[in-house]
Amino acid sequence: MNLRILLVEDEPGLVLTLSDLLAGEGYEVETAMDGLSGLEKALGGGFDLILLDVMLPGMNGFEVCKKLRDSGSGVAILMLTAKTQVADRVSGLKLGADDYLTKPFAPDELLARIQAILRRVLAADKPASIMRFRFGNVEADFESGEVTRDGVRISLASKELQLLRYLVERRGTVVPRDELLEQVWQYQPSVTSRTVDVHVAWLRQKLEENPQQPRHFHTVRGVGYRFAA
């Protein structure tokens, strides 16, 4: 899945240039040419990063940034401005921007800043790796690869163990089939496969007390699976 960037900029030429640059790097780009429409799109969610110009018609970038942070949005924000005063840079950062880039800038510098911010954001969002986890009468030691049920060792194949760990680390959230195929099996998202369903069925048979009425491995019809401890 491509990362999504919202570009809020009122210079048509720069909008076109930056849209082409970002699309060429594999990002999905949406644009807004004034502060109010940029804020509305940003509040709609679904973006990984916002490129936010300071000098915008209607509502400036500082206001947009403040309203986003006041709303509880944690989306990454990289502010763009022609202003060079230190006070302006500090203002943006104090309002919650992640970084600040002064125009004119080199394309390579912009891409490097975006990549650095997204690395930090994605690392922060990544679930903590779990070494050992217990649910019901099952105990899984992911470091050693040993899984027991009522103290009796259960043999799990490598992909079964990887799938179990992936679901456990995201417990309580719905994980789409496409994500599981991509992250556990390294399949392309476009690949249609029953692999996930088959492996979840095996985990139920081996780890659930009643596989027909699973307590831990829940199907979310049409989407994927949710693990509950």
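I took helices (H or I, at least four residues) and strands (E, at least two) as DSSP runs, numbered from the N terminus. On that basis I found eight helices and 12 strands in the chain.

**Ground rules.** I am working with a predicted model, where local features need pLDDT of at least 70 and side-chain atom pairs count only at pLDDT 80 or more, while totals for chains, interfaces and linings use all residues. Residues are numbered from 1 along each chain as its sequence is written, and side-chain values use heavy atoms, with hydrogens and water left out.

**Overall shape.** I looked up the radius of gyration (over C-alpha atoms; the globule rule is 2.2 Å times the number of residues to the power 0.38). The chain has 23 Å, whereas a compact globule of 229 residues would be near 17 Å. Along the principal axes, the C-alpha atoms fill a box of roughly 65 × 35 × 30 Å. I then checked burial (buried is under 20% relative accessible area, exposed over 50%, partly exposed in between, with a 1.4 Å probe and protein chains only). Of the 229 residues, 40% are buried. For contacts (heavy atoms within 4.5 Å), I noted that 54% of those between residues at least 6 apart in sequence join residues at least 24 apart.

**Helix 1.** I compared its length with the expected span, 1.5 Å times one less than the number of residues. Helix 1 (residues 12-24) has 13 residues and reaches 18 Å between its first and last C-alpha, close to the expected 18 Å. Which residues of helix 1 are buried? I listed Leu14, Val15, Leu18, Ser19 and Leu22. An α-helix has 3.6 residues a turn, so residues three or four places apart point the same way. On the face turned away from the buried side I found exposed Pro12, Leu16, Asp20 and Gly24. Just after helix 1, Gly26 takes a positive phi of about 95 degrees.

**Helix 6.** The 12 residues of helix 6 (158-169) should span 16 Å, and the end C-alpha atoms are 17 Å apart, which agrees. Its buried residues include Leu161, Leu164 and Tyr166.

**Aromatic rings.** I counted Phe, Tyr and Trp rings (the six-membered one for Trp) as pairs if their centres lie within 6.5 Å; planes under 30 degrees apart are stacked, over 60 edge-to-face, the rest tilted. The whole structure gives five aromatic pairs. In one of them, the rings of Phe133 and Phe227 have centres 6.3 Å apart and planes at 65 degrees, so I logged an edge-to-face pair. Phe133 is in strand 6 and Phe227 in strand 12, so this pair ties together parts 94 residues apart in sequence.

**Charges over rings.** My test was NZ of Lys or CZ of Arg within 6 Å of the ring centre and within 35 degrees of the ring normal. Arg4 sits with its charged end over the ring of Phe47, 4.4 Å from the centre. Arg170 does this over Tyr166, at 3.5 Å.

Most residues other than glycine have a negative phi, and most peptide bonds are trans. I found a cis bond from Lys103 to Pro104, with omega near -5 degrees; Pro104 is in the loop between strand 5 and helix 5. Asp150 has a positive phi, near 55 degrees, and lies in the loop between strand 8 and strand 9. Asp150 is exposed, with a relative accessible area of 56%.
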